[in-house]
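The stops below are given in order of selection.

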Amino acid sequence: MSSILNSLKLLADPTRLRILLLLSREALSVAELQEILAMGQSRISTQLAQLKKADLITDTRSGKSNIYQATLPEKLETLATEAALELPEHKSDLQSLKHILRKRKDTTRAYFDQLAGKFGKHYVPGRSWKSLAEALLKIHRYEVVADLGAGEGTAAQLFAQRAAQVIAIDNSPKMVEFGQDLAKKHQLPNLEFRLGEIEEIPIEDNSVDLALLSQALHHAQNPGKALAEAHRILKPSGTLVVLDLLQHSFEQARELYHDLHLGFSEIHLGELLESAGFSNPTTTIVDKEEQPPHFQTLLAVAEKGKG
(Lines give C-alpha, C1' and ligand atoms only; values in the text may rest on other atoms or scores of the structure.)
Protein backbone atom coordinates (compact mmCIF):
# COMPACT_ATOMS: atom_id res chain seq x y z
CA MET A 1 0.00 0.00 0.00
CA SER A 2 1.38 3.41 -0.95
CA SER A 3 2.29 5.94 1.72
CA ILE A 4 -0.32 8.68 1.89
CA LEU A 5 2.24 11.27 2.98
CA ASN A 6 4.64 10.33 0.16
CA SER A 7 1.76 10.31 -2.32
CA LEU A 8 0.76 13.81 -1.30
CA LYS A 9 4.33 14.98 -1.80
CA LEU A 10 4.34 13.49 -5.30
CA LEU A 11 0.98 15.09 -6.14
CA ALA A 12 2.34 18.49 -5.09
CA ASP A 13 4.60 18.54 -8.16
CA PRO A 14 2.68 20.00 -11.15
CA THR A 15 4.37 17.75 -13.72
CA ARG A 16 3.70 14.54 -11.81
CA LEU A 17 0.13 15.68 -11.18
CA ARG A 18 -0.42 16.30 -14.88
CA ILE A 19 0.93 12.83 -15.70
CA LEU A 20 -1.26 11.16 -13.07
CA LEU A 21 -4.37 12.96 -14.27
CA LEU A 22 -3.73 11.83 -17.84
CA LEU A 23 -3.01 8.24 -16.81
CA SER A 24 -6.14 8.14 -14.68
CA ARG A 25 -8.12 8.79 -17.88
CA GLU A 26 -6.19 6.63 -20.33
CA ALA A 27 -3.28 4.19 -20.44
CA LEU A 28 -0.46 5.89 -22.37
CA SER A 29 3.07 5.25 -23.57
CA VAL A 30 6.05 7.50 -22.88
CA ALA A 31 5.98 8.70 -26.49
CA GLU A 32 2.32 9.70 -26.16
CA LEU A 33 3.03 11.51 -22.89
CA GLN A 34 5.91 13.31 -24.61
CA GLU A 35 3.60 14.53 -27.34
CA ILE A 36 0.90 15.67 -24.92
CA LEU A 37 3.18 17.37 -22.40
CA ALA A 38 5.82 18.61 -24.88
CA MET A 39 8.58 17.33 -22.59
CA GLY A 40 11.68 15.21 -23.13
CA GLN A 41 11.70 11.47 -22.66
CA SER A 42 14.21 11.47 -19.79
CA ARG A 43 12.17 13.97 -17.76
CA ILE A 44 8.96 12.00 -18.19
CA SER A 45 10.66 8.66 -17.49
CA THR A 46 12.09 10.05 -14.24
CA GLN A 47 8.65 11.16 -13.09
CA LEU A 48 7.11 7.82 -14.07
CA ALA A 49 9.75 5.94 -12.09
CA GLN A 50 8.90 7.93 -8.96
CA LEU A 51 5.18 7.37 -9.41
CA LYS A 52 5.68 3.67 -10.00
CA LYS A 53 7.87 3.35 -6.90
CA ALA A 54 5.03 4.89 -4.88
CA ASP A 55 2.53 2.38 -6.39
CA LEU A 56 0.54 5.18 -7.99
CA ILE A 57 0.93 3.76 -11.52
CA THR A 58 1.50 0.39 -13.14
CA ASP A 59 3.07 -0.50 -16.48
CA THR A 60 2.58 -3.32 -18.95
CA ARG A 61 4.60 -4.24 -22.01
CA SER A 62 3.03 -3.74 -25.43
CA GLY A 63 5.38 -4.53 -28.30
CA LYS A 64 8.46 -2.34 -27.86
CA SER A 65 6.74 0.13 -25.51
CA ASN A 66 5.64 0.24 -21.89
CA ILE A 67 2.06 1.35 -21.33
CA TYR A 68 1.39 3.20 -18.07
CA GLN A 69 -1.87 3.54 -16.15
CA ALA A 70 -2.75 5.22 -12.85
CA THR A 71 -3.76 3.16 -9.83
CA LEU A 72 -4.77 5.99 -7.52
CA PRO A 73 -6.78 5.24 -4.38
CA GLU A 74 -10.23 6.82 -4.56
CA LYS A 75 -9.46 9.57 -2.02
CA LEU A 76 -6.25 10.56 -3.80
CA GLU A 77 -7.98 10.52 -7.18
CA THR A 78 -10.64 12.91 -5.85
CA LEU A 79 -7.93 15.18 -4.45
CA ALA A 80 -5.96 15.09 -7.73
CA THR A 81 -9.08 15.92 -9.74
CA GLU A 82 -9.78 18.94 -7.54
CA ALA A 83 -6.14 20.05 -7.74
CA ALA A 84 -6.34 19.90 -11.54
CA LEU A 85 -8.54 23.00 -11.48
CA GLU A 86 -5.50 24.96 -10.33
CA LEU A 87 -3.30 23.78 -13.20
CA PRO A 88 -3.23 26.22 -16.16
CA GLU A 89 -2.21 23.35 -18.48
CA HIS A 90 -5.03 20.98 -17.53
CA LYS A 91 -7.47 22.06 -20.26
CA SER A 92 -4.86 21.86 -23.01
CA ASP A 93 -3.67 18.48 -21.67
CA LEU A 94 -7.20 17.10 -22.09
CA GLN A 95 -7.40 18.51 -25.63
CA SER A 96 -4.06 16.92 -26.46
CA LEU A 97 -5.21 13.61 -24.98
CA LYS A 98 -8.29 13.78 -27.19
CA HIS A 99 -6.01 14.28 -30.18
CA ILE A 100 -3.84 11.30 -29.21
CA LEU A 101 -6.85 9.01 -28.88
CA ARG A 102 -8.15 10.19 -32.24
CA LYS A 103 -4.78 9.36 -33.81
CA ARG A 104 -4.97 5.82 -32.46
CA LYS A 105 -8.16 5.27 -34.39
CA ASP A 106 -6.78 6.77 -37.56
CA THR A 107 -6.31 3.77 -39.80
CA THR A 108 -5.20 6.09 -42.59
CA ARG A 109 -2.12 6.93 -40.51
CA ALA A 110 -1.01 3.31 -40.43
CA TYR A 111 -1.61 3.04 -44.16
CA PHE A 112 0.53 6.11 -44.94
CA ASP A 113 3.26 4.94 -42.56
CA GLN A 114 3.39 1.64 -44.42
CA LEU A 115 3.57 3.34 -47.80
CA ALA A 116 6.08 6.01 -46.78
CA GLY A 117 9.09 3.74 -46.78
CA LYS A 118 8.24 1.90 -49.99
CA PHE A 119 6.82 4.27 -52.56
CA GLY A 120 9.53 5.51 -54.88
CA LYS A 121 12.32 3.25 -53.63
CA HIS A 122 12.06 0.91 -56.58
CA TYR A 123 11.94 2.21 -60.10
CA VAL A 124 8.71 1.55 -61.96
CA PRO A 125 8.27 3.35 -65.31
CA GLY A 126 5.61 6.06 -65.10
CA ARG A 127 5.05 5.86 -61.35
CA SER A 128 5.69 9.03 -59.33
CA TRP A 129 4.09 11.09 -56.60
CA LYS A 130 3.36 13.79 -59.18
CA SER A 131 1.42 11.43 -61.43
CA LEU A 132 -0.49 10.01 -58.47
CA ALA A 133 -1.37 13.48 -57.17
CA GLU A 134 -2.62 14.62 -60.58
CA ALA A 135 -4.72 11.46 -60.95
CA LEU A 136 -6.34 11.98 -57.53
CA LEU A 137 -7.03 15.64 -58.25
CA LYS A 138 -8.84 14.74 -61.46
CA ILE A 139 -11.35 12.45 -59.75
CA HIS A 140 -12.34 15.00 -57.11
CA ARG A 141 -15.29 17.22 -57.89
CA TYR A 142 -15.46 20.63 -56.20
CA GLU A 143 -17.47 23.52 -57.58
CA VAL A 144 -15.41 26.34 -56.03
CA VAL A 145 -11.83 25.93 -54.78
CA ALA A 146 -9.63 28.49 -52.99
CA ASP A 147 -5.85 28.08 -53.11
CA LEU A 148 -4.65 30.28 -50.23
CA GLY A 149 -1.04 31.45 -50.40
CA ALA A 150 -0.95 30.02 -53.90
CA GLY A 151 2.43 31.27 -55.12
CA GLU A 152 2.62 30.69 -58.84
CA GLY A 153 -0.51 28.52 -58.60
CA THR A 154 0.67 25.01 -59.45
CA ALA A 155 -2.07 23.36 -57.38
CA ALA A 156 -4.63 25.92 -58.53
CA GLN A 157 -3.97 25.01 -62.17
CA LEU A 158 -4.52 21.34 -61.41
CA PHE A 159 -7.80 22.02 -59.60
CA ALA A 160 -8.93 24.29 -62.45
CA GLN A 161 -9.05 21.30 -64.77
CA ARG A 162 -12.08 19.98 -62.84
CA ALA A 163 -13.57 22.73 -60.69
CA ALA A 164 -16.09 25.27 -61.93
CA GLN A 165 -14.09 28.09 -60.33
CA VAL A 166 -10.67 28.32 -58.68
CA ILE A 167 -9.58 31.42 -56.78
CA ALA A 168 -5.84 31.70 -56.06
CA ILE A 169 -4.79 34.16 -53.34
CA ASP A 170 -1.26 35.49 -52.90
CA ASN A 171 0.23 38.62 -51.31
CA SER A 172 2.91 39.10 -53.97
CA PRO A 173 1.85 41.29 -56.92
CA LYS A 174 4.49 39.61 -59.12
CA MET A 175 3.20 36.14 -58.23
CA VAL A 176 -0.36 37.19 -59.00
CA GLU A 177 0.71 38.66 -62.35
CA PHE A 178 2.71 35.54 -63.16
CA GLY A 179 -0.20 33.29 -62.22
CA GLN A 180 -2.65 35.26 -64.33
CA ASP A 181 -0.35 34.95 -67.33
CA LEU A 182 -0.10 31.18 -66.80
CA ALA A 183 -3.89 30.87 -66.57
CA LYS A 184 -4.25 32.65 -69.92
CA LYS A 185 -1.43 30.64 -71.48
CA HIS A 186 -2.99 27.34 -70.40
CA GLN A 187 -6.51 28.50 -71.31
CA LEU A 188 -8.00 28.27 -67.84
CA PRO A 189 -10.69 31.00 -67.77
CA ASN A 190 -12.10 29.56 -64.53
CA LEU A 191 -8.84 30.31 -62.67
CA GLU A 192 -8.69 33.74 -61.08
CA PHE A 193 -5.76 35.21 -59.15
CA ARG A 194 -6.42 37.79 -56.45
CA LEU A 195 -3.97 39.88 -54.46
CA GLY A 196 -4.48 39.49 -50.73
CA GLU A 197 -3.35 38.12 -47.38
CA ILE A 198 -4.41 34.74 -46.05
CA GLU A 199 -5.37 36.50 -42.80
CA GLU A 200 -7.72 38.81 -44.73
CA ILE A 201 -8.91 36.68 -47.64
CA PRO A 202 -10.63 38.66 -50.42
CA ILE A 203 -13.38 36.05 -50.88
CA GLU A 204 -17.04 36.21 -49.82
CA ASP A 205 -18.43 34.35 -46.80
CA ASN A 206 -19.72 30.79 -47.30
CA SER A 207 -18.75 30.65 -50.97
CA VAL A 208 -16.03 27.96 -51.26
CA ASP A 209 -16.31 24.15 -51.28
CA LEU A 210 -12.61 23.40 -50.77
CA ALA A 211 -9.85 25.59 -49.32
CA LEU A 212 -6.17 24.69 -49.55
CA LEU A 213 -3.28 26.05 -47.49
CA SER A 214 -0.17 24.43 -48.95
CA GLN A 215 3.06 25.43 -47.15
CA ALA A 216 1.51 28.83 -46.47
CA LEU A 217 0.43 28.73 -42.82
CA HIS A 218 3.96 29.00 -41.41
CA HIS A 219 4.28 32.33 -43.27
CA ALA A 220 1.23 33.81 -41.53
CA GLN A 221 1.70 36.44 -38.83
CA ASN A 222 -1.30 34.93 -37.06
CA PRO A 223 -1.98 31.29 -38.11
CA GLY A 224 -5.13 31.13 -36.00
CA LYS A 225 -6.60 34.13 -37.82
CA ALA A 226 -5.70 32.60 -41.20
CA LEU A 227 -7.57 29.41 -40.28
CA ALA A 228 -10.54 31.43 -39.02
CA GLU A 229 -10.61 33.24 -42.39
CA ALA A 230 -10.54 29.89 -44.21
CA HIS A 231 -13.49 28.80 -42.05
CA ARG A 232 -15.36 32.00 -42.94
CA ILE A 233 -15.12 31.57 -46.70
CA LEU A 234 -16.06 27.88 -46.71
CA LYS A 235 -19.62 26.78 -47.31
CA PRO A 236 -21.28 24.66 -44.60
CA SER A 237 -19.81 21.12 -44.90
CA GLY A 238 -16.87 22.60 -46.84
CA THR A 239 -13.40 21.08 -46.48
CA LEU A 240 -10.05 22.60 -45.53
CA VAL A 241 -6.77 20.91 -46.44
CA VAL A 242 -3.55 22.11 -44.81
CA LEU A 243 -0.10 20.98 -45.91
CA ASP A 244 2.68 22.41 -43.78
CA LEU A 245 5.93 21.53 -42.05
CA LEU A 246 5.99 19.48 -38.90
CA GLN A 247 7.53 21.45 -36.05
CA HIS A 248 11.32 21.57 -36.41
CA SER A 249 14.35 23.39 -35.01
CA PHE A 250 16.02 24.57 -38.24
CA GLU A 251 16.28 28.25 -37.29
CA GLN A 252 17.93 29.16 -40.62
CA ALA A 253 14.52 28.70 -42.26
CA ARG A 254 13.55 32.13 -40.96
CA GLU A 255 16.19 33.77 -43.16
CA LEU A 256 16.39 31.27 -46.02
CA TYR A 257 12.66 30.90 -46.66
CA HIS A 258 11.24 33.86 -44.68
CA ASP A 259 9.35 31.44 -42.41
CA LEU A 260 7.66 33.10 -39.44
CA HIS A 261 6.97 29.79 -37.67
CA LEU A 262 9.12 26.68 -37.51
CA GLY A 263 6.29 24.37 -38.47
CA PHE A 264 3.55 23.04 -36.22
CA SER A 265 3.13 20.02 -34.02
CA GLU A 266 0.17 17.79 -34.79
CA ILE A 267 -1.44 18.70 -31.48
CA HIS A 268 -0.96 22.45 -31.95
CA LEU A 269 -2.36 22.40 -35.48
CA GLY A 270 -5.35 20.35 -34.33
CA GLU A 271 -6.01 22.85 -31.53
CA LEU A 272 -5.75 25.79 -33.95
CA LEU A 273 -8.27 24.16 -36.29
CA GLU A 274 -10.74 23.49 -33.50
CA SER A 275 -10.33 27.04 -32.16
CA ALA A 276 -11.09 28.36 -35.67
CA GLY A 277 -14.40 26.47 -35.62
CA PHE A 278 -13.54 23.37 -37.62
CA SER A 279 -14.84 19.95 -36.67
CA ASN A 280 -13.27 16.50 -36.96
CA PRO A 281 -9.70 17.63 -37.77
CA THR A 282 -7.30 14.81 -38.59
CA THR A 283 -3.53 15.10 -38.95
CA THR A 284 -1.02 12.80 -40.62
CA ILE A 285 2.70 12.98 -41.37
CA VAL A 286 2.85 12.21 -45.09
CA ASP A 287 6.49 12.79 -46.02
CA LYS A 288 9.94 12.70 -44.40
CA GLU A 289 12.88 14.18 -46.29
CA GLU A 290 16.05 12.09 -46.29
CA GLN A 291 18.40 15.06 -46.59
CA PRO A 292 19.20 17.41 -43.66
CA PRO A 293 17.44 19.18 -42.02
CA HIS A 294 15.00 16.30 -42.55
CA PHE A 295 11.83 18.36 -42.91
CA GLN A 296 8.61 16.44 -42.45
CA THR A 297 5.32 17.31 -44.14
CA LEU A 298 2.18 17.49 -42.03
CA LEU A 299 -1.26 17.03 -43.60
CA ALA A 300 -4.41 18.19 -41.83
CA VAL A 301 -7.97 17.85 -43.07
CA ALA A 302 -10.97 19.45 -41.36
CA GLU A 303 -14.61 20.22 -42.08
CA LYS A 304 -16.80 23.24 -41.51
CA GLY A 305 -20.00 22.33 -39.68
CA LYS A 306 -23.35 22.41 -41.40
CA GLY A 307 -24.33 25.49 -39.50
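Predicted model: local features only at pLDDT ≥ 70, side-chain atom pairs only at ≥ 80, totals over all residues.

Residues are numbered from 1 along each chain as its sequence is written, and side-chain values use heavy atoms, with hydrogens and water left out.

Select residues 30-37 and 41-53, helices H3 and H4 (DSSP runs of H or I, at least four residues, numbered from the N terminus). Their axes are 10 Å apart, at an angle of about 115°. H3 and H4 therefore count as roughly perpendicular (65 to 115 degrees). Now show the side chains at the contact (heavy atoms within 4.5 Å): H3 contributes Val 30, Leu 33, Gln 34 and Leu 37, and H4 contributes Gln 41, Ile 44, Ser 45 and Leu 48. Five of these residues are nonpolar, three are polar and none is charged.

Next, select Pro 292 and Pro 293: the peptide bond joining them is cis, with omega near 10°. Pro 293 sits in the loop between strands E9 (278-288) and E10 (296-304) (strands are E runs of at least two residues).

Move to Ser 237 in strand E8, residues 234-245. Ser 237 is not a glycine, yet its phi is positive, about 75°. Its relative accessibility of 41% makes Ser 237 partly exposed (between 20% and 50%, 1.4 Å probe, protein chains only).

Finish at His 258, in the loop between helix H12 (253-256) and helix H13 (266-275). His 258, also not a glycine, has a positive phi of about 60°. At 60% relative accessibility, His 258 is exposed (over 50%).

Terms used
Axes fitted to C-alpha atoms, helices over the stretch in contact; angles between N-to-C directions. Parallel < 35°, antiparallel > 145°, perpendicular 65-115°, else oblique. Nonpolar A, V, L, I, M, F, W, Y, C, P; charged D, E, K, R; others polar.
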